[in-house]
Amino acid sequence: MTNAIGDALDGVQEVELTVTGRRTGRQITHPVWFVQEDDNVFLVPVTGSDSQWYKNVKQTPMVQLAVNGTALSSSATPITEADRVDHVVTMFRDKYGADQIASLYPKHDVAVQVPLG
C-alpha cells in the first residue's frame, strides 16, 4: 500500500469517489463512507445496486479516491456474493454505528473493493 493514501485515510470518515459517467463519460465525484481492511478500501452504495455511481463503476471500473489532498487511481471490483457483502456491511456498522447504517443504507446487496496498492 502506498503510505500516503493509507496515512491520509487514517481517522477519516469519508472519501471523495470519482467515477466516469456511463452515459456522459464525464468525471463525477461523490463523498462516500468507506472502511479499510488490509490493503483495500471497501464502499457500500447507499441504495445498493440501484446507486448510479455503482452502475458507473460496473461499466468503467477505474475510479479515483481522494482525501485531504491525496489521491489514488485504482480499478474497483464490484462484490455481489452475499457473505462478502455482509462482511463489508458489518465493518460499516462497526465504524459508523448500526443505527446509522440501518437508516442511511436501506439496501445492501452489493459492495465495491478498491485496492490501495
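Which exposed residues does the face of α3 turned away from its buried side carry? They are D83 and D94, where exposed means over 50% relative accessible area, buried under 20% and partly exposed in between, with a 1.4 Å probe and protein chains only. The model is predicted, so local features need pLDDT of at least 70 and side-chain atom pairs count only at pLDDT 80 or more, while totals for chains, interfaces and linings use all residues. Residues are numbered from 1 along each chain as its sequence is written, and side-chain values use heavy atoms, with hydrogens and water left out.

**Helix α3**

Helices (H or I, at least four residues) and strands (E, at least two) are DSSP runs, numbered from the N terminus. The 15 residues of helix α3 (residues 82-96) should span 21 Å at 1.5 Å a residue, and the end C-alpha atoms are 21 Å apart, which agrees. The expected span of a helix is 1.5 Å times one less than its number of residues. Buried in α3 are V85, V88, V89, M91, F92 and Y96. These cover an arc of only 155° around the axis, which puts them on the same side of α3; the arc is that of the directions from the helix axis to the C-beta atoms. Their cover includes β2, β3 (35-37), β4 (40-43), β7 (77-79), α4 (98-104) and β8 (111-115). After α3 comes G97, with a positive phi near 100°.

Four strands form an open sheet in the order β2-β1-β5-β6, with antiparallel pairing. Because β2 (27-33) and β6 (70-75) stand at the edges with a single partner strand each, one side of each is left without a neighbour in the sheet. From one strand to the next the twist averages 25°. Two strands pair if DSSP finds at least two bridges between them. The pairings of β5 are set out below.

| Strand joined to β5 | Bridges | Opposite residues |
|---|---|---|
| β1 (residues 14-20) | 3 bridges | L17 and L65 |
| β6 | 6 bridges | M62 and S75 |

Helix α2 (residues 52-59) lies across β1, β2 and β5, and runs at about 55° to β1. Axes are lines fitted to C-alpha atoms, for helices over the stretch in contact, and angles run from 0 to 180 degrees between N-to-C directions. The residues W53, Y54, N56 and V57 of α2 are buried. They cover an arc of only 160° around the axis, which puts them on the same side of α2. Among the elements covering them are β1, β2, β4, β5, β7 and β8.

**The core**

A nonpolar core is a set of buried Ala, Val, Leu, Ile, Met, Phe, Trp, Tyr and Cys residues joined through side-chain atoms within 4.5 Å. The largest has 37 residues, of which L43, W53 and F92 touch the most other members. Its largest share, 6 residues, comes from α3. Leaving aside neighbours within four places in sequence, the contacts of W53 (heavy atoms within 4.5 Å) are L17, V19, H30, V32, L43, V44, P45 and V112.

**Two loop residues**

Most residues other than glycine have a negative phi. D38, in the loop between β3 and β4, has a positive phi near 55°. At 63% relative accessibility, D38 counts as exposed. N68 lies in the loop between β5 and β6 and has a positive phi of about 50° although it is not a glycine. At 66% relative accessibility, N68 counts as exposed.
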